[in-house]
Amino acid sequence: MAYDIEFSDLINLAMDHMGVAITIIAADGKMLYYNNYAEMILDRKPEYIGNEVYSHHQKAASSRKLSSMMKSFQEGRTDPFYYEANPYGKPILVTLSPISSNGEFIGCTQSAQLKEEIMFE
């Protein structure tokens with residue numbers, strides 16, 4: 001079955017239907033992308049695209065923590081960071097994973113889910 005849709009549009013649709021908040025951050029800390037779910041559970045607004053993600057954290061400690069993780073990726077770390085945060089009154093589980101191209105760190109993905117929404121069978 002063939003669909004009349006561009007591959008990039010398909011990727012965007014898939015990201016919006018994952019049930020996970022996705023943010024893509026460039027190596028310099030600028031926010032490049034976020035999906036619809038990120039807008040619902042995190043502080044994400046269109047005007048944030050192209051700006052440093054650090055400036056949108058409520059707590060300075062959060063910005064320092066993210067900056068430290070990004071520095072670890074720049075220094076060669078390839079394993080993701082996993083942590084729990086509570087920026088909006090409900091705990092979220094976050095994974096920060098590096099993105100590299102030809103062995104060079106170019107950015108990272110931040111995925112987040114409300115802890116209460118995670119179901120274990």
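Trainee: How many salt bridges does the count come to here?
Mentor: The count comes to 4 salt bridges. Please bear in mind that this is a predicted model.

Trainee: Which residue does Glu84 form a salt bridge with?
Mentor: Glu84 pairs with Lys115, and their closest N and O atoms are 3.2 Å apart. Because Glu84 lies in strand E3 and Lys115 in the segment after strand E5 (104–114), the pair ties together parts that are 31 residues apart in sequence.

Trainee: Where does Glu116 find its salt bridge partner?
Mentor: Its partner is Lys90, with 3.4 Å between the closest N and O atoms. This pair also links distant parts of the chain, with Glu116 in the segment after E5 and Lys90 in the loop between E3 and E4, 26 residues apart.

Trainee: Is Glu116 exposed or buried?
Mentor: Glu116 is exposed, at a relative accessible area of 52%, whereas Lys90 is partly exposed at 42%.

Trainee: And what does Glu75 form a salt bridge with?
Mentor: Glu75 forms one with Lys71, the closest N and O atoms being 3.8 Å apart. Glu75 counts as exposed at 59% relative accessibility, and Lys71 as partly exposed at 48%.

Trainee: Changing topic: how much space lies in the largest pocket?
Mentor: The largest pocket holds about 410 Å³ of space. Its lining has 21 residues, and His57, Ser62, Tyr83, Ala85 and Pro87 lie nearest the centre.

Trainee: Which element gives the most to that lining?
Mentor: Helix H3 does, with 4 residues.

Trainee: How do the lining residues divide?
Mentor: They comprise 10 nonpolar, 6 polar and 5 charged residues.

How values were computed: Residues numbered from 1 in each chain as written. Predicted model: local features only at pLDDT ≥ 70, side-chain atom pairs only at ≥ 80, totals over all residues. Heavy atoms only, no water. 1 Å grid on protein atoms, 1.4 Å probe; cavity = no way out; pocket = protein on both sides within 12 Å on 5 of 7 lines; lining within 4 Å. Points joined across faces, edges and corners; volume = space filled by probe spheres on them. Helix = DSSP H or I, 4+ residues; strand = E, 2+ residues; numbered from the N terminus. Nonpolar A, V, L, I, M, F, W, Y, C, P; charged D, E, K, R; others polar. Salt bridge = Lys/Arg side-chain N within 4 Å of Asp/Glu carboxyl O. Buried < 20%, exposed > 50% of the residue type's maximum accessible area, 1.4 Å probe, protein only.
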